[in-house]
Amino acid sequence: MNYLYFLYIEFLQRHNIPKLFGDITYYFIPFCIIAIALLVVVLGLVLAERKLLGFFTQRKGPNRVGWWGLLQTLADAFKLLCKENITPDKADRFLFNLAPVLVFVPIIAALGIIPYSAEFTFVNTSTNVILYLILAAFPVLSVFLAGWASNNKYSLFGAARSIAQVLSYELPITFVILSVVVLASSMNLTGITLAQTSKWWFSGWFIFPGILGFIILFICILAELNRCPFDLPEAESELVCGYNTEYSGMRFAIFYLSEYAMLFANAMFISILFLGGYLSPFGKYLFGSSFLIYFEQAFWLLLKASVIVFIIIWIRATLPRLASFDLIKFSWVYLLPLSILNLFVAVIIKFAGAGG
């Protein structure tokens with residue numbers, strides 16, 4: 001983000017504003033960029049999922065509000081903003097109101113860690129893979145608080161299921177990411193992206209030596225996001241609506257917004273680990289050394305993430321929900337041993353390549 005920083009400081013100096021003011025206020029710019037982009041992406045994702053689910057189930061999907069139903073998500077968002085925020089009488093008011101905040105803030109921070117291009121990386125630390133994992137798992141705390149503070153047994157059951165689900169699938173995720181760290185010799189997301197550079201188009205992507213890890217991580221991300229067939233914390237046929245049953249209005253909208261924001265963030269995360277991130281699949285960029293190359297890099301990352309989101313929606317329209325016991329068993333009995341095996345394979349490939 002040095003390019004954006006220097007542009008901002010230069011703009012302030014032209015208007016005789018001290019550099020100290022720019023150093024303090026600069027970090028509001030990435031936050032505003034992420035927040036605005038997040039709203040646009042979530043509105044687009046909700047509409048795209050409704051349209052695709054309608055297509056997969058031979059229905060029309062939203063088609064009344066606006067041309068082709070394009071304004072349906074805006075109408076739904078406006079409706080949620082206008083609805084009353086109701087707090088149950090016997091709920092823990094402080095924790096009940098805190099839960100939506102705790103689910104939203106970590107996701108904004110996680111989106112700031114993603115390297116969208118060689119220049120647009122808001123938070124770039126040497127170990128930002130670990131930081132991303134922490135922030136991505138943090139919303140489970142807000143889910144637990146929402147279920148506990150609601151004083152509703154169905155909400156509590158949904159929160160308990162969510163915690164058991166996340167704990168079961170965190171270990172395979174960790175081992176898969178360790179295999180990528182071994183292959184890239186880096187715990188930095190930009191370093192992992194650049195380690196997949198190859199002159200033979202996309203042959204350097206880690207999906208080829210780590211196809212098993214890619215499949216495991218994809219399945220685990222579905223479970224982390226509570227998406228079908230792992231949507232037990234929100235099983236409406238069993239738990240009314242799960243952990244957010246008692247929420248309404250804007251607070252429910254925050255949970256809804258966070259779910260789709262995390263969906264796209266994790267899709268970009270998978271793209272960075274296994275699909276070359278912002279690297280072009282053709283080995284070179286169309287815009288060469290122009291500053292437009294940064295927008296092209298962001299385009300490639302968003303395109304790869306969009307393909308993964310499409311597959312996730314396709315799975316939702318195809319597979320039924322798993323039983324709770326089968327879900328936990330699937331992780332501990334199958335995914336965890338396979339993720340450890342994948343790590344050993346990555347170590348062998350790394351040392352074989354180093355030896356060669």
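**Which helix holds both aspartate 23 and lysine 19, and how many residues apart are they?** Both lie in helix 2 (residues 19–25), four residues apart, about one turn of the helix. Helices here are DSSP runs of H or I with at least four residues, numbered from the N terminus. This is a predicted model, in which local features need pLDDT of at least 70, side-chain atom pairs count only at pLDDT 80 or more, and totals for chains, interfaces and linings use all residues. Residues are numbered from 1 along each chain as its sequence is written, and side-chain values use heavy atoms, with hydrogens and water left out.

View 1. A salt bridge is a side-chain nitrogen of Lys or Arg within 4 Å of a carboxyl oxygen of Asp or Glu. By this rule the structure has five salt bridges. Aspartate 23 is partly exposed, at 28% relative accessibility. Lysine 19 is also partly exposed, at 41%. Buried means under 20% relative accessible area, exposed over 50%, and partly exposed in between (1.4 Å probe, protein chains only).

**View 2. Arginine 14 pairs with glutamate 10 in helix 1.** Their closest N and O atoms are 3.5 Å apart. Helix 1 covers residues 2–14. Arginine 14 is exposed, with a relative accessible area of 55%. Glutamate 10 is partly exposed, at 43%.

**View 3. Arginine 227 and glutamate 49 form a buried salt bridge.** The N to O distance is 2.5 Å. Arginine 227 lies in the loop between helix 10 (211–224) and helix 11 (236–239), and glutamate 49 lies in helix 3 (residues 28–56), so the pair ties together parts that are 178 residues apart in sequence. Arginine 227 has a relative accessible area of 4% and is buried. Glutamate 49 is buried too, at 1%. Salt bridges with shared partners join Glu49, Arg227 and Arg316 into one network.

**View 4. Cysteine 220 is in no disulfide.** A search of the whole structure finds zero disulfides (pairs of cysteine sulfur atoms within 2.5 Å). For cysteine 220, the nearest cysteine sulfur belongs to cysteine 228 and is 17 Å away. Cysteine 220 is buried, at 0% relative accessibility. Cysteine 228 is buried as well, with a relative accessible area of 14%.

Notes. Helices (H or I, at least four residues) and strands (E, at least two) are DSSP runs, numbered from the N terminus.
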